Amino acid sequence: MPTARELLNAAKSEIREVDIDEAERQLGQVQFLDVREPDEYEQGAIPGALHLPRGHLEMQVEGKLVDKEAPVVVYCAGGARSAFAAQTLGELGYTDVVSMAGGFNRWKDQGKPWSTPQTLTADQRNRYQRHLLLPEVGETGQQKLLASKVLLLGAGGLGSPAALYLAAAGVGTLGIIDMDVVDESNLQRQILHNMERIGERKVDSAKKTLTAMNPDVDVATYDVRLGADNVLDIIDGYDLIVDGTDNFPTRYLVNDASLLKRIPVVHGSIFRFEGQVTVFDPYNGPCYRCMIPEPPPAELAPSCAEAGVLGVLPGIVGSIQALEAIKMLLGLGDTLVGRLLAFDALEESFRTFKVRRDPACPACGPDAGEIIIAEYDELCMPHRAH
Ligand SMILES: [Zn+2]
């Protein structure tokens, strides 16, 4: 029977070791793999390292490191477990694996960069299990969502489903701006609210519903009218805006402010039996003014208060807005940047249309002047610096 020492020497003879300095030169370019136990990892790790304890390596590594040709630097605390792990990875067909001699202890002793990883609690692992099962989301993606801040404009028909799904998915901070109170006529579609909340501020009702569903979510409420005087302060610090407003002056105001702050806007609108969703990503795609240079005459564009809307329809449109928001936050898939998705409830059909940046756009075009945030009249034209 070989001794542990002999097994380690045998493993080391089959693999390549690198010293701390050589490993550090690869930091940021090469995937680091931490094979220590969770309690060791939680106390500090190399930034960006994938954590996979030695005991789970054979069973889980192929789901997490898909490309077997890609270089990997394996480390543990002192360099023994990583040597065995590198040997195992070689046997599994990984072609470019090195073990970091001296391990994390020596890395730390030499003053190399490390940080305390953000880890999910046991409750969070359970709650977000279906996200963790998706390698495209995983623990890193869930941490990202928990650290994300999304501002919802409106706690009404679109804001209700969007807020519910964003909260359920674990977006850590949701801001909600709405100055209305809950009315019985809202309940046909605004599923954040209920009979007990009639007469209550919508933002307060929304906060109660969302925190009852997911205590991880911090809900910030703004019981104000969004205007030129407060828009820049309110949107500041948010990663993304979900716009469910129903009037043109506010949309133009939000557009111009979001360009200034470079915050993407997931835009949604509904009218009778139809809905539309698109994403405005400042200077990477078209903005609202590129798509709709000027508002239609008031008589052709009644707000939701005046026009009918079929129940359920806002649920579909607001849910797509939430989905686009999550994709934007996680950098997943193809978003609706540069595309308008139009839904017709009577046909039960979706169509997408290309939306291009307008080189003559008065807000985001190359010749656009300085953006001035001010109240808009019914023409909604950008204000000019004088
Ligand atoms: Zn534009």
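Trainee: Which residue of β4 does L33 stand opposite?
Mentor: L33 stands opposite V74 in β4. Before going on: this is a predicted model, in which local features need pLDDT of at least 70 and side-chain atom pairs count only at pLDDT 80 or more, while totals for chains, interfaces and linings use all residues. Residues are numbered from 1 along each chain as its sequence is written, and side-chain values use heavy atoms, with hydrogens and water left out.

Trainee: What makes β2 and β4 a pair?
Mentor: Strands β2 (residues 31–34) and β4 are joined by 4 bridges in the parallel sense. Two strands pair if DSSP finds at least two bridges between them, so this counts as pairing. Among the bridge partners, Q31 has V72 in β4. Strands themselves are DSSP runs of E, at least two residues long, and helices are runs of H or I, at least four residues long, numbered from the N terminus.

Trainee: Which residue of β5 is the bridge partner of V72?
Mentor: In β5 the partner of V72 is V97. Strand β5 (residues 97–100) runs parallel to β4, with 3 bridges between them. On the way from β4 to β5 the chain passes through helix α5 (residues 80–91), and this β-α-β crossover is right-handed. The label applies because, with the strands pointing away from the viewer, the path from the first strand over the helix to the second runs clockwise.

Trainee: What is the strand order in the open sheet, and which strands are its edges?
Mentor: The order of the 5 strands is β1-β5-β4-β2-β3, with parallel pairing. The edges are β1 (16–18) and β3 (50–51), since each pairs on one side only.

Trainee: Why is Y75 called buried?
Mentor: Y75 has a relative accessible area of 0%. Buried means under 20%, exposed over 50% and partly exposed in between, with a 1.4 Å probe and protein chains only, so Y75 is buried. Y75 lies in β4 (residues 72–75), where V73 and Y75 point one way and V72 and V74 the other way, and all are buried.

Trainee: What does Y75 touch, beyond residues up to four places away in sequence?
Mentor: Y75 touches residues including F32, L33, D34, I46, M100 and F104. Contact means heavy atoms within 4.5 Å. The side chains of Y75 and D34 also form a polar contact of 2.7 Å. Such a contact is a pair of N or O atoms within 3.5 Å; within protein, one must be able to donate a hydrogen and the other to accept it, and residues adjacent in sequence count only if both atoms are side-chain atoms.

Trainee: Which residue has a side-chain polar contact of 2.6 Å with H131?
Mentor: The side chain of Q142 makes that contact with H131. H131 lies in helix α8, and Q142 is one of the buried residues of helix α9 (residues 138–146). The buried residues of α9 pack against α7 (122–127), α8 (129–132), α10 (159–169) and α15 (313–330).

Trainee: Why is F350 called partly exposed?
Mentor: The relative accessible area of F350 is 48%, so F350 is partly exposed. F350 lies in strand β13 (residues 349–354). Outside four places in sequence, F350 is in contact with I316, I320, L341, A342 and F343.

Trainee: What are the protein donors of the zinc ion?
Mentor: The donors are C287 (SG), C290 (SG), C361 (SG) and C364 (SG), at 2.2 to 2.4 Å. Donors are N, O and S atoms within 2.8 Å of the metal (3.2 Å for Na, K and Ca), and sites may look incomplete because water is not among the atoms. Their sequence spacing is C-x2-C-x70-C-x2-C, and both C361 and C364 are buried.

Trainee: What makes the zinc arrangement tetrahedral?
Mentor: The 4 donor atoms subtend angles of 95 to 120°. Four donors count as tetrahedral if all angles lie between 85 and 135 degrees, so the arrangement is tetrahedral.

Trainee: How many helices and strands are there in the protein?
Mentor: There are 15 helices and 13 strands. Of the 386 residues, 49% count as buried. Among contacts with a separation of 6 or more, 67% involve residues 24 or more positions apart.

Key: Tetrahedral: all angles 85-135°; square planar, octahedral: opposite > 155°, others 65-115°.
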